Each structure stands twice: as structure tokens, then as C-alpha cells.
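Hi,

Here is the structure I promised to pass on. Have a look at it first, and then read on for what turned up when I went through it.

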Amino acid sequence: MKRSISLLFALVFTAMSALAQQFKVEGNVKVASDGEALIGVAVKIDGQPIGAVTDINGNYTITVDGLEEAILVFSYLGMKPQRHKVNATTHTLNVILEEESQELNELVVVAYGVRKKGTITGSVSSVKAEKIENVPAASFDQALQGQATGLLVTSQSGEPSKAASFQIRGTNSINSGTSPLFILDGVPISANDFNAINPADIESVSVLKDASSTSIYGARAANGVVVIQTKRGTAVNKAQVTLRTQWGISQLARTEWHLMNTQERIAFEKEIGMDQGQDYERLSLVDVNWMDMVFRNNALLQNYDVSVNHATDKLNYFVSANYYDQEGIAQNSEFTRYNIRANVDVKAAKWLKLGSNIMLAYEDYAQADDGEYALYTPISASRFMLPYWNPFRADGSIASASDGSWKGTSQNPIEWMDNNPLTNKKYKLMSVFYAEATPMEGLTLKTQFGADFSHGASVMKSMPSYIINNGSGSVGRSSSDMLNLTITNTANYLFDIDHTHNFNILIGQEGVHYRSEGFQAVTRGQNNDKLTNLSSGTRAVSWHDYYSSNAYLSFFGRGEYNYAGRYYADLSLRTDASSRFGKKNRWATFWSFGLMWDARKESMLSDVNWLSNAQVALSSGTSGNSTIPDYDHLALVGGGETYMDIAAIAPWSSGNENLGWEQTWTTNLAIHLGFWHRLNLDLEFYNKRTTNMLMYVPCSYADKGEGYRWDNIGAMVNRGAELQVSVDVVRAKDWNWRLNANISYNHNEIAELYGGVNEYELSSTSLRLEVGHPYGEYFLNRYAGVNPANGDALWYTKDGEITNVFNEEDKVMLGKSFNAPWQGGFGSQLTWRDLTLSLHFSWMGDRWIFNNDRFFEESNGLYSVYNQSRRLLYDRWKQPGDITDIPRYGVTPQMDSRFLENASFLRLKNVSLSYNVPQQWLRKTKTLKQVRLYVQAQNLFTFTRFTGIDPEAVGNIYRAQYPMTRQWTGGLEVTF
Amino acid sequence: MMLSTASCLDQLPDDAIPADDAISTVSEADQAIMGVYAAFKSPALYSGNLTLLPDLQADLAYAVDGYTNVYGDIWRWNILSTNSDTESVYAALYTVISRANFLLEYLPRVRRNASDSDYNKLETIEGEALFARALAHAELIRMYCKSYESSQQAENELGVVCMDRYYNEKPITRSSLEASYQFVISDLERAAYLLRLGEDYDPAVDGSLYDHTYFNEYTVYALRARVALYMKDWDNAIKYSSLIINSGYYTLSNVNQSAGNGMNYYEYLWQLDASTETIWKVGFTINSYGGSLGRIFFNYDYVSLKPDYVPALWVLSLYDASDLRYEAFFRTYTTGYSHGLQWPLLMKYWGNANFESYNMLHLNMPKVFRLSEQYLIRAEAYVSRAQGNDYSLAAKDITRLRTARYSAFGGGVTITAENGMQVIEEERVKELYMEGFRLTDLKRWHKGFERTPQQNSLPHGSSLRVEADDPLFVWPIPQHELEAPGSNIQPNESN
């Protein structure tokens with residue numbers, strides 16, 4: 001933030017007589033940020049065809065003919081245009097153009113366009129490149145946590161290749177998708193592809209939250225829209241080359257581990273009488289902490305990145321290449337990516353601009369198994385294995401069941417993993433081509449074609465020599481292809497009446513066609529570890545293929561109007577059709593309006609200097625959701641079944657031709673205030689109501705044997721408030737200190753279920769859907785602790801009385817949900833000369849999770865042959881008078897509120913210290929423009945009461961989770 | 001691309017057919033009946049839950065300390081209406097019914113298009129579909145309804161939801177127990193007619209009936225006899241079981257006859273899933289198979305055995321010394337647990353040797369109807385009817401069964417009013433162990449049971465006392481059914 005914000009331009013006046021009918025003006029144009037001369041700036045006389053362009057030194061000369069006075073317009077892409085009155089006395093006019101990225105004039109990417117931040121009626125949060133480009137992760141999603149109000153980003157796992165989960169302003173639907181629509185450079189993409197995109201290529205991420213900003217996306221916008229824009233050529237004068245590199249290590253972010261060590265385990269076995277036939281002298285020689293066996297604390301990360309960008313009056317380009325490599329902290333967890341991008345814009349003629357973005361990525365990755373209990377997959381098995389079983393031999397090699405070096409009773413999970421490798425490859429091509437014509441002033445016709453292609457391939461092996469395969473291995477290969485084509489045609493007409501009534505009219509049409517297909521085959525019988533491919537097997541054991549396709553067709557229009565930059569109004573209308581619905585209900589229409597009053601521009605406030613911004617905006621409108629399987633509205637019969645080796649057919653689905661769009665109606669009120677150009681406040685309130693909710697409704701198995709069917713039912717409400725504050729505490733020559741904070745609250749409530757049903761228990765999830773309660777609220781028996789007299793477990797009955805009988809009838813709604821109603825983030829950025837220290841915290845509040853791992857660890861007799869929590873040894877009830885929460889041994893746990901834990905957390909998401917090598921040193925080199933060095937740590941501290949390894953997990957049940965990682969990285973960034 | 005709007009918005013998968021176009025020809029009807037058979041392979045049915053759960057829930061087996069908790073809630077009698085193991089049985093049975101009904105909806109169209117030569121083929125297909133539907137309904141009644149005492153009592157007891165259409169317009173609600181049984185019987189009567197053997201049927205020429213993987217006239221009688229027994233309709237139980245026993249198409253597998261490879265015929269029945277006494281088995285091939293019945297009794301990984309469940313001691317001690325069923329069913333092993341339990345494990349479900357040679361362990365074809373059950377049905381019906389020389393007829397049936405199972409059975413059996421039911425009960429346990437009959441038998445005999453801990457059994461669940469007529473002898477109707485809109489399904493007492 002070293003750009004000056006004080007002086008915008010300089011005028012030099014010379015007193016001269018003004019008689020001549022022809023006069024000359026000359027001068028120089030510079031850039032505000034670095035004071036360098038700007039080449040190629042268009043200098044135009046307003047209302048006349050005459051113009052000039054600045055030369056290589058930023059100088060221009062222009063002659064005004066036949067006028068006493070004229071207005072010169074200076075314009076350049078990415079710069080704020082300036083208008084200056086000139087006359088015969090002017091002679092010299094030097095101009096300093098400012099880049100268009102300051103406060104309210106900051107550009108924000110919105111639907112089908114770009115707007116200045118201060119002119120939007122809707123609700124948009126924007127995250128800029130600097131927050132994203134150095135994130136030590138495969139994808140940018142991690143960096144968004146806690147950055148924008150209303151956007152909830154939760155990491156699903158510490159796996160480097162897995163995408164985070166996104167939610168904008170709460171959950172809108174029970175079964176249909178709740179993830180926002182992601183638009184990359186105008187083309188819809190899937191969150192699964194985020195890791196294919198190089199975070200350093202991203203210019204900005206905009207989060208569109210209300211109807212006014214999302215409605216124009218109509219289809220699929222009900223969950224909000226995240227618009228991602230990649231970088232384009234902006235460096236004027238000469239090509240700018242940036243090199244970045246980053247190295248680091250990953251380790252567990254938290255190391256909560258409650259399982260017994262050998263000494264405790266032996267004591268426990270003796271206490272519960274499991275010691276028959278055990279040779280404790282031998283066993284006590286080994287003491288293994290399985291968490292350390294399964295997770296490494298120095299997994300490597302490296303990243304190399306080069307980009308070139310340049311902007312001229314004919315051609316803008318941004319070209320980059322990237323190599324990213326990260327080891328996961330778990331065995332068989334890694335990610336490698338190669339990525340190339342070229343973004344090019346060509347001004348082919350005065351009225352025609354063409355361009356294209358092309359990105360090619362190749363990924364090689366492996367993912368550790370997590371989330372399910374199994375005795376053989378390491379993350380899960382680490383909780384079950386006994387501390388006196390060592391997975392490694394004395395020489396460090398993997399202990400094996402084949403030669404008895406593995407002493408455990410089940411498989412050595414590390415040996416299992418080693419013998420069952422799974423590797424994945426992904427090839428990704430994302431490309432966009434556009435042509436933009438300006439046949440007359442103010443009218444822009446644009447057509448854009450996007451193609452998003454990916455090919456994925458995996459190989460799964462189980463080694464023949466692995467003892468449990470009995471000499472006969474297996475190999476599986478799968479392949480999948482996806483192609484998504486998007487075409488968008490828009491016409492935009494921008495005009496004004498008397499410079500006071502400003503109109504911006506957009507009409508457009510869009511079509512999307514998606515298709516994916518794939519197959520998998522597994523063969524068995526391989527008998528040579530060196531020959532493990534499909535055809536070296538002796539027979540096929542499974543073979544599958546799949547097809548999926550969908551299409552959308554949309555027409556839309558938007559009208560924007562503002563009166564003298566004070567009163568804004570917009571109106572949009574869109575109609576969409578989706579192939580996922582029955583013929584009758586395929587089309588739906590969405591609308592929105594937005595109003596905004598920029599009070600600061602009122603003349604009555606023109607003298608109030610302390611108030612730098614005052615805006616009120618109101619919007620309302622609808623958007624849709626169609627995230628259901630592609631063919632579920634159809635009644636279908638399929639194959640794939642066999643009996644006695646004869647291929648058979650059977651009904652697949654009975655279909656529902658009445659299926660139609662889920663709609664969400666959003667109303668938003670926003671207040672934006674700025675004081676002294678230092679303190680900015682944004683306060684927003686919203687109300688969302690989803691109707692015709694797409695739900696996978698239970699239906700009687702007796703009726704067609706299906707059990708569930710998609711239907712439009714019920715309603716859900718989300719309402720909330722969001723506050724964002726940023727303040728420049730210190731703004732001095734050498735010192736700069738900026739603080740920012742945001743907080744979001746969302747209240748979710750099911751307003752209506754289906755067919756008169758007001759409650760529905762989701763079996764084995766501990767959840768119940770109930771009208772009047774939020775989606776995700778737990779429905780459990782309330783644990784009341786332990787009877788100190790006899791060690792019995794106690795519960796509360798439905799009516800609050802204490803009982804020692806666990807009764808299904810006593811379940812109650814607990815008022816605790818796995819969807820956090822509160823979330824936010826705050827940060828600080830302190831700059832002293834060339835040093836910058838920044839901190840960013842993120843947090844979630846009132847978030848609850850059922851810790852399933854504890855059900856096993858504190859099983860009290862149900863799973864005693866596996867390792868148990870040391871709390872069972874030390875804290876369980878042993879004699880009358882003991883006051884504890886763990887009953888006497890033998891009283892086994894129930895799925896009750898005892899394991900429901902507060903998983904709210906506060907996390908130091910990122911702390912970084914960076915140093916810019918001073919400009920005066922760099923100038924001597926004549927080539928280097930900027931050199932930046934930094935060190936940073938992700939997830940350095942986490943504060944939570946959650947007792948599992950990591951509180952950040954998606955969903956209601958925490959089981960054998962791949963925990964989040966802490967990363968230490970250092971990097972270097974050189975620009976020349 | 002987007003100009004042809006209508007076609008673009010009509011997306012169809014490449015791997016499915018619109019339902020209305022699916023069944024028009026005889027060949028398609030044949031594929032659809034294979035789909036019905038395929039539904040019986042489900043691990044929720046005979047090759048899994050439906051066979052194992054009723055016996056695990058009762059007193060036949062003990063969970064081993066350190067087990068994986070598979071079917072744990074069932075064994076510990078912690079069976080909730082949201083239990084996914086019992087819900088999957090309910091769902092899989094209605095899948096059978098729906099597939100059969102879907103086929104039956106379209107059969108008239110196939111018949112209109114078919115030639116005369118296809119007439120018999122279509123009759124068979126219809127008969128098979130009707131039998132599948134009857135069998136699935138009968139199993140639903142067995143697990144989800146109280147026992148049948150009399151038609152008067154059954155009129156007032158809840159039955160099941162009887163479905164005779166795929167495109168159903170009628171309200172979805174439970175019929176009475178009486179009506180449910182009548183629904184099954186009426187399907188069976190029609191199926192028996194449609195599946196009737198040709199008048200000139202000769203097993204020597206047309207192939208034998210035993211060991212079949214498809215339904216035929218005698219499969220229908222086997223179920224008919226079983227249903228009659230459960231309805232306490234002794235005369236019909238005797239009538240239909242006699243039809244099978246007397247047909248001569250089936251013979252008990254004898255432990256004293258060698259099948260080669262050191263196996264007798266009875267061992268051969270379990271280790272190779274082939275016998276002369278099997279009336280219908282769910283057919284498995286190495287490419288087309290269902291669940292694994294033996295997995296939970298062994299969990300063998302070529303390193304060690306870690307059974308989740310082992311046989312109850314009282315069952316093991318029930319067998320006489322010369323009863324060779326013991327050798328065919330059980331073999332003692334040292335398990336791989338840290339407590340090192342040594343116990344007879346259930347070799348009956350060790351798995352078919354042909355599958356084992358492909359490293360497919362613990363996989364057996366479920367034998368849903370066997371001749372020995374027909375003998376036991378008839379013997380029990382005689383004992384219960386207790387008219388004329390019924391006791392000696394019952395004794396004769398038990399003797400014939402034991403003769404085929406004992407190394408030497410000379411003594412004969414004496415059956416009286418006092419010991420009759422006990423002999424029947426013990427013989428059913430010994431012969432039909434882990435074939436899914438025990439819970440139903442206790443229910444219809446109104447008996448409870450008690451479990452006492454045995455070596456290394458899981459403490460939680462090893463001491464269990466269940467009174468006669470405990471509501472959980474009848475499984476709870478899945479919560480899902482009660483809450484599904486558009487249906488009106490009444491709960492059970494156990495809900």
C-alpha cells in the first residue's frame with residue numbers, strides 16, 4: 001500500500017492571452033503508483049474525432065482547432081480516466097493517472113461485467129490477488145476462510161488435493177446442492193477443479209450474495225455465486241516478468257491424542273482382566289505413538305512460478321507457468337501439478353476486440369483414505385492399533401505379517417497401504433474465447449465460448465505378494481472424461497441523457513452443455529509384483545461404466561440506471577431451462593431489483609468532510625437451484641444386473657416428470673459508511689426464503705421399491721446480518737497499520753417439510769429435520785453423567801427427569817447444529833518502510849460436531865481389544881463416590897449427547913512477514929523492479945474446546961478424519 | 001450448438017432405457033425375470049441379513065470380545081426402528097416385489113406381440129414372477145408380523161403392505177395378517193398352475209429338479225408347506241410337504257455316502273453347494289454372486305481367523321456323538337485375537353471350494369428350500385395335529401432325517417405328546433442352524449430364551465434374558481416407512 005492517495009493530478013498554469021483560434025497543448029503522463037511514464041495513453045478532445053497517444057517517454061502533443069476552450073480526456077486501460085479543461089493559455093498539461101483500485105473506485109467483478117465498488121446496489125464481497133497468490137496450498141480456496149462476510153469456507157481434510165467446502169449465507173436446501181455457483185472468467189466450473197488453477201494466476205475473487213447481483217445468473221445462483229477472474233496483461237511500458245518460489249513443510253496443526261501408551265495399556269488390561277496369556281515383559285519393550293507413525297511432521301512443499309504480462313494499445317497478455325508439489329502429512333497422500341496459462345486480448349480494430357484464456361494443467365496425486373473406520377487404512381487404524389505393536393522393524397522397514405515381524409492381531413495398516421497403492425492423474429484444459437464489437441459508442445456486442453475439459457485416470461493395485469492376497473493380486477483402472485461447453489452472447493448499451501441520467505442495458509443468452517462419461521475395470525490373478533497391470537490378471541472381477549449429461553438454456557436482461565451518480569436502480573429478468581426437470585416445469589423465470597442511494601454525493605453533505613462514504617442499498621429477487629442428478633426426473637430401466645451369468649434388466653427409477661426448479665427469494669439491505677477516508681463500515685441484513693425445495697424425499701419401499709424420490713417440497717429460511725470494518729490506524733510516511741474484521745450471523749430454519757410431515761429423523765445421523773428448527777440440529781438422548789453411587793450411566797428423559805435407562809423415546813432436539821451460525825475473521829497489517837507483518841485469524845462460533853472417534857476410544861468394554869482413551873484408565877468410575885463422566889467398566893456407550901462437542905474455533909490462519917528490497921537498491925540494477933522475501937505460517941495456533949485432532953471438518957460426524965495441517969513456508973518474489 | 005434448443009434439453013443416459021420401452025418382447029421379458037432373480041442375490045436377503053439376523057438375534061451364537069460390531073445392535077437386542085440392517089431387509093424384499101410387478105405390468109403387451117410358440121415360455125415367466133412376489137411377501141410377514149394363531153386372530157392383527165401392481169393407485173397401508181397370508185396363497189396357487197410340470201415330465205429325459213437355481217412347481221409347494229406350518233394349518237403343511245417328499249425328485253444327502261475327496265454327500269452340500277436335497281438355491285457364479293454368509297464367522301485373511309460370532313455352547317452339545325452334522329458344520333480353530341480363543345467355528349459357511357480357488361472366501365449359495373426342512377415341517381405338523389397315528393408318523397420322519405445324518409442311527413425315535421415339540425425344536429436347531437429359522441420358531445412357539453456368558457464372549461449381550469412374546473420377536477417397521485408421505489403404514493409394538 002505504498003501508493004499515494006493524496007495528489008491525483010498536477011496542473012501547471014501559464015498566464016497568456018487567449019485570442020488564438022488554434023492552440024497546442026503538450027505534456028507528460030505518468031502513473032501514480034511508481035511515477036513512471038505511461039506509454040500509449042489515449043488523449044482525446046471531448047466531442048471531436050481528434051486524438052493523440054503518448055510516446056515512449058509519456059509525452060504527447062495535441063492541437064485544438066477552432067475552439068476557444070476544450071476538454072481533454074485521458075484514458076488508459078486499468079486507469080481512472082481524467083478530464084481537463086484546456087485553452088490557449090494552457091500550453092503544458094502534465095497528468096498523473098491513477099490505477100483504478102482504490103477504495104470505492106475499486107473494480108469489482110459482477111455478473112457479466114465489472115463495476116466500481118461504490119456503484120453496486122447488490123451485496124458483493126471481493127478478495128484480491130494479494131490474499132491469494134502466496135497461499136501455500138494447491139488451491140486458493142483455503143485462503144478465503146474468514147476473508148469475506150457471509151462466505152463460510154471449511155476445509156474438508158488436510159489432504160493437499162481436496163477442495164474446501166463453500167457455503168454462502170447458510171444452507172438453502174436439504175438434499176440438493178448447497179455449494180455456490182463458481183464462474184471462472186465467465187465459464188461455470190466445479191470446485192473439484194480448483195486445485196488445477198494456479199492461485200498466483202488469480203486476480204480477484206468476488207462473492208455475490210444477494211439477488212440483485214446473482215439473479216442475472218438465475219439458474220444455479222440460489223446458493224450465491226463466486227466469480228473468479230484471472231490476471232490479464234496490465235504492465236504498461238514494458239513486459240513485466242514475475243518469478244515466485246516458495247518452499248515449506250507441513251505438519252499436524254494440532255496434536256490432540258488421548259490414546260494409551262504401552263504402560264497405560266498394560267495397566268488397563270490388568271484392571272479389566274484381559275491379561276491372560278500376555279507376555280508383558282516382552283510387550284513393554286515397545287511403546288509406539290500411532291499418531292506419529294501415521295502422520296509425518298515435515299512433509300515438503302515447493303512451488304515455482306513464472307509469469308509475464310504486458311499491456312499495449314493493441315495487445316494485452318498474461319502468460320504463466322507453474323510447478324507445485326506438496327506431500328501430505330499422511331502416508332500415500334501427495335499432489336503434484338504442472339500448469340500453463342495464456343490470457344491474451346487483442347484489439348484487432350478500433351471497434352473489435354478478441355481474446356482468449358487457455359489453461360492447461362496436469363496433476364498427479366494420491367489421497368489417503370479417511371472418514372471411514374477400517375482396521376487397515378492408516379488414519380483410521382492409528383486409533384485402533386495397540387501401542388505395543390510396532391509397524392516398523394528395528395531397521396526402519398515396514399513390519400510384515402508374512403514373516404512375523406508384525407506382532408499385531410490384525411493387519412499392519414502401514415504395510416496394507418504400502419501394498420495397496422492408488423494413484424490418480426488428472427488432465428485439465430480450460431479455455432475461453434471471446435469477441436467484443438463496439439459498432440457505435442456505448443454499444444458492446446460480445447460473444448464468448450468456453451470449453452472446460454478434464455480427463456482423469458486412476459490405477460489401483462493390490463500386490464500379489466501381500467500375504468492377504470494369497471499370491472493373487474488385483475489391479476483396477478478407471479478413466480473419466482468431462483466436457484462442459486458454454487456459449488454466452490450479450491449486448492450491452494451504455495448511454496446517458498444530459499450526463500445525469502445514466503443507463504446501462506444488457507440483454508443476453510446463454511447455453512451450457514455438460515457431458516461426462518467413464519469406466520472402471522478390475523482384474524485379479526496377477527502373480528508377479530513387477531507385472532501389475534490389467535491384462536496380467538486372469539479374470540475380470542468388476543466392470544462399470546457411466547454416462548451423465550445435462551443442458552441449460554437461458555435468456556436474460558438487465559437494466560441499470562443512475563441519476564447523477566446519486567440514485568441507482570437496477571432491474572433484471574432471466575429465464576432458464578434445465579434438462580434435469582420434466583418437460584412441463586423445465587422453464588423458470590427469475591427476477592430482481594436493486595436500489596441504492598449514494599448520500600455522500602448529495603450537495604447537502606458536500607461540506608461534511610469527515611464522512612467519506614454514505615450509501616444505502618436495498619435489493620430483492622429470486623434465483624434458482626437445480627443441483628440434482630441428471631436423469632432423476634425420468635422413469636428408466638437399466639442393465640448391469642446378472643443372474644447365473646445372464647444379463648438382466650430391472651427398473652432403475654420411476655421418475656417424476658413434475659420436478660421443477662427450487663427457488664430462493666432474497667432480500668438484502670446494506671449500509672456502507674466511511675469516515676475520514678480511514679474507517680469503513682459495511683453492514684448488511686438479509687432474508688432468504690427457499691421454496692419448492694428439491695429434496696430426496698423418503699417414499700415407502702412398498703411403492704416401487706425405491707425408498708426415496710426427488711420432489712419439490714417444503715421451504716427453508718435463512719436470515720442474518722454481516723458486519724465488516726476496516727480501519728487505517730496509522731497512515732504515516734514510514735508506518736502504515738490497517739486493521740480489518742468481519743463477522744457474520746446466519747439463522748437457518750426449516751419452514752415446511754413435505755406432505756404435512758413436520759419432522760423426519762435421518763436414521764444413524766443423530767439429526768432430525770423438524771419444522772421450526774435449523775437444518776443440521778442434533779436429535780439425541782441427553783447424557784446426564786454417572787451415578788457416583790454405582791457407576792451407572794444416567795440420561796435425562798424427554799421431560800428432564802434422570803433415568804438409568806437409555807430409551808429412544810427420550811431423544812430431544814438439542815438446539816445445537818453442525819452448521820455454525822456465527823463466523824468471521826480479523827486481521828492486521830503493519831508496514832514499516834519495506835517490512836510488512838500481517839496476521840489473519842478466522843473463527844466459527846456455536847458449531848457442534850458428534851465426535852464418533854470417542855465412541856470407540858471410550859467404549860468401556862465394547863472395543864477393549866483395540867486401543868482406548870487413557871481417560872478410561874484414569875477417569876472412569878471405579879468406586880462409590882467417584883465423580884466422573886465415564887461410567888464403570890462394562891457400561892458401554894450410547895450415541896448420546898456425551899459425544900457431542902463444541903467445535904467452535906479460533907485459528908491463526910495465516911501470519912506472514914515480508915520484506916521488500918528498497919527501491920533505491922533495485923534501481924542500481926536497472927532490471928529489478930521489485931524483490932520481495934517472506935516467511936509465513938498457516939494454522940499456527942488453534943483455540944478450541946474440541947477434543948478430536950482438528951475442529952475443522954465438514955458435516956455432522958467426526959470420524960477418522962484427515963486433520964488440517966500447519967505449514968511453514970518461505971518464499972521469494974522477483975519482478976523485473 | 002444451442003440453436004436446436006428442444007433436443008438439447010432432452011438428455012437421455014446411454015446406459016438406460018425409458019421405462020415404457022423396456023419390455024415388449026419375449027426376450028426382454030426373459031431379461032426382466034432374470035432381474036427379479038438377481039434381486040435375490042442381495043446381501044440384505046438370503047446371502048446375508050435375512051439368513052443371519054434371525055439366528056444371531058436369538059440364542060444360537062455369541063459375539064466374541066473384540067469383534068467388529070457387525071450386526072452388534074441386533075445381537076445385543078438394541079434394535080431400533082432406524083436400524084439399517086433390518087431396514088435393508090425390508091427394502092430388498094420390496095425391490096423383489098417391485099421388479100416382479102414391473103414385469104407383470106408389461107406381460108400382457110408382450111403376449112400380444114408374441115407368437116404361439118412363446119406361450120409356454122411366457123407362462124413360466126409369469127409363474128416365476130408370481131412366486132418371487134409371494135416369497136418376498138411371505139418373508140415380510142415372517143419378520144414383521146406376529147405369529148398366526150387362527151384366522152379370527154389374524155383378521156385383527158397387522159399384516160404387511162401387499163403390492164400387486166407396479167403402477168399402484170391404491171392406498172399404501174398394511175393389510176390384516178389374514179389377508180396378507182391369503183395374498184401369498186393366492187399367488188402361490190396361480191404360480192403352481194403356471195409352473196406345472198408337463199404331463200410327460202421325466203427327470204431322466206428333461207433333467208432333474210433338484211439343486212435348481214430357478215423356480216418350478218415344487219419350489220411353490222415348498223413355500224406353500226412352510227406357509228401352512230406358520231399358519232398352523234397342519235393339514236396343508238402335511239399335504240404340500242408330502243407332495244415334495246413323495247415326488248421322488250429329491251433325496252436327502254447322506255453322510256454315509258462318499259462324494260469323493262474325503263467328503264460325504266452332506267459335507268459336499270455345504271462345501272460345494274450341490275446336492276440332491278436342495279429344492280431352490282440362489283445361484284452364484286464367479287462373476288455373479290451376492291453376499292458372504294461366512295465372513296462374520298471367520299474373517300480369514302490368509303493370516304488369522306477373527307470370527308465376529310461363534311456357535312453357542314448349548315447348540316454344540318446338542319449333537320449326538322454319531323451325528324455327523326457336527327463334523328459337517330463345526331471345526332475347532334485358534335482365533336487370531338489377543339485372547340487367543342479356541343472354539344468350534346461354523347464350517348457350514350466356510351465357503352464354496354470352487355469360489356475359494358479364486359480367492360473368494362466364505363461365499364456360499366444360500367439354499368433357501370431343502371428337503372430336510374420339508375421333513376421337519378411335516379413332522380412338526382403331525383406332532384401339532386396329534387390325531388390318529390400322527391406321533392409315529394412324526395417319529396418316522398425324524399428317523400428318516402437322522403438316518404441320513406448319523407453315522408449309525410439304529411435306535412429309532414419315540415415321540416409322545418410330552419417330548420414331541422422338544423424333539424422337533426432340537427432337530428430344527430441341529431439341522432437348520434444359522435439358516436434363519438430360529439427367531440421365527442421361538443415366536444410361533446411363544447418361547448423366550450436366555451443367554452449366559454461363554455468363553456471370551458462379549459460381556460455386553462452375553463447375559464440376556466428374553467421373555468416369550470417379547471415385542472422384538474417382531475421387527476420394528478422401519479421408521480422410514482412410517483414417515484414416508486403418501487403412505488399410511490402402522491407401526492409394530494417394537495417400534
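A residue is called buried when its relative accessible area is under 20%, exposed when that area is over 50%, and partly exposed in between. By that cut-off Asn303(A), with a relative accessible area of 10%, is buried. Before going further, keep in mind that this is a predicted model.

Staying with Asn303(A) for a moment: the residue sits in strand E18, which covers residues 299-311 of chain A. Its side chain makes a polar contact with the side chain of Asn322(A), at 2.8 Å. Leaving out residues up to four places away in sequence, Asn303(A) touches Arg244(A), Thr245(A) and Gln246(A), and also Asn322(A), Tyr323(A) and Tyr324(A).

Chain A has 10 helices and 51 strands. For its 976 residues, a compact globule would have a radius of gyration near 30 Å, and chain A comes out at 32 Å, which agrees. The C-alpha trace of chain A spans about 115 × 65 × 65 Å along its principal axes. Of the 976 residues, 56% are buried. If you take the contacts in chain A with a separation of 6 or more, 69% of them are between residues 24 or more positions apart. As for charges, chain A has 87 positive and 101 negative ones, and their mean positions are 5 Å apart.

Chain B has 22 helices and 13 strands. Its radius of gyration is 23 Å, close to the 23 Å that the globule rule gives for 495 residues, so chain B is as compact as a globular protein of that length. Along the principal axes, the C-alpha trace of chain B spans about 80 × 55 × 50 Å. Buried residues account for 63% of the 495 in chain B. Among the chain B contacts with a separation of 6 or more, 72% involve residues 24 or more positions apart. Chain B exposes about 17300 Å², with 48% of it coming from carbon and sulfur atoms. It has 41 positive and 63 negative charges, whose mean positions are 3 Å apart.

Asp498(A) has a phi near 60°, a positive value in a residue other than glycine. It lies in the chain A loop between strand E24 (473-497) and strand E25 (501-526). With a relative accessible area of 64%, Asp498(A) is exposed. Over in chain B, Met434(B) is not a glycine either, yet has a positive phi of about 60°. Met434(B) is in the loop between helix H19 (420-431) and helix H20 (438-445). Is Met434(B) buried or exposed? Its relative accessible area is 0%, so Met434(B) is buried.

Finally, a few residues and what they touch. The contact lists below leave out neighbours up to four places away in sequence.

- Leu252(B) is in the loop between helix H11 (234-247) and strand E4 (258-260) of chain B, and at 13% relative accessibility it counts as buried. Leu252(B) and Arg400(B) are 148 residues apart in sequence, while their C-alpha atoms are 8.9 Å apart in space. Arg400(B) is also one of the contacts of Leu252(B), and others include Thr276(B), Glu277(B), Leu371(B), Tyr375(B) and Leu401(B).
- Phe519(A) belongs to strand E25 of chain A. Phe519(A) touches Arg477(A), Ser478(A), Ser479(A), His544(A) and Asp545(A).
- Thr589(A) is in strand E28 (residues 587-598) of chain A and is partly exposed, with a relative accessible area of 45%. Its contacts are Leu573(A), Arg574(A), Thr575(A), Thr622(A) and Gln663(A). How far apart are the C-alpha atoms of Thr589(A) and Ala793(A)? They are separated by 56 Å, and the two residues are 204 residues apart along the chain.

That is what I have on this one.

Cheers

Note on methods: Residues are numbered from 1 along each chain as its sequence is written. Chains are lettered from A and ligands numbered from 1 in the order in which they are written. This is a predicted model: local features need pLDDT of at least 70, side-chain atom pairs count only at pLDDT 80 or more; totals for chains, interfaces and linings use all residues. Side-chain values use heavy atoms; hydrogens and water are left out. Helices (H or I, at least four residues) and strands (E, at least two) are DSSP runs, numbered from the N terminus. The radius of gyration is taken over C-alpha atoms; the globule rule is 2.2 Å times the number of residues to the power 0.38. Buried means under 20% relative accessible area, exposed over 50%, partly exposed in between (1.4 Å probe, protein chains only). Contact means heavy atoms within 4.5 Å. Accessible areas come from the Shrake-Rupley method with a 1.4 Å probe; for residues, only the protein chains shown count as cover. Lys and Arg count as positive and Asp and Glu as negative; His and the chain ends are not counted. The place of a charge is taken as NZ of Lys, CZ of Arg, CG of Asp or CD of Glu. A polar contact is a pair of N or O atoms within 3.5 Å; within protein, one must be able to donate a hydrogen and the other to accept it, and residues adjacent in sequence count only if both atoms are side-chain atoms.
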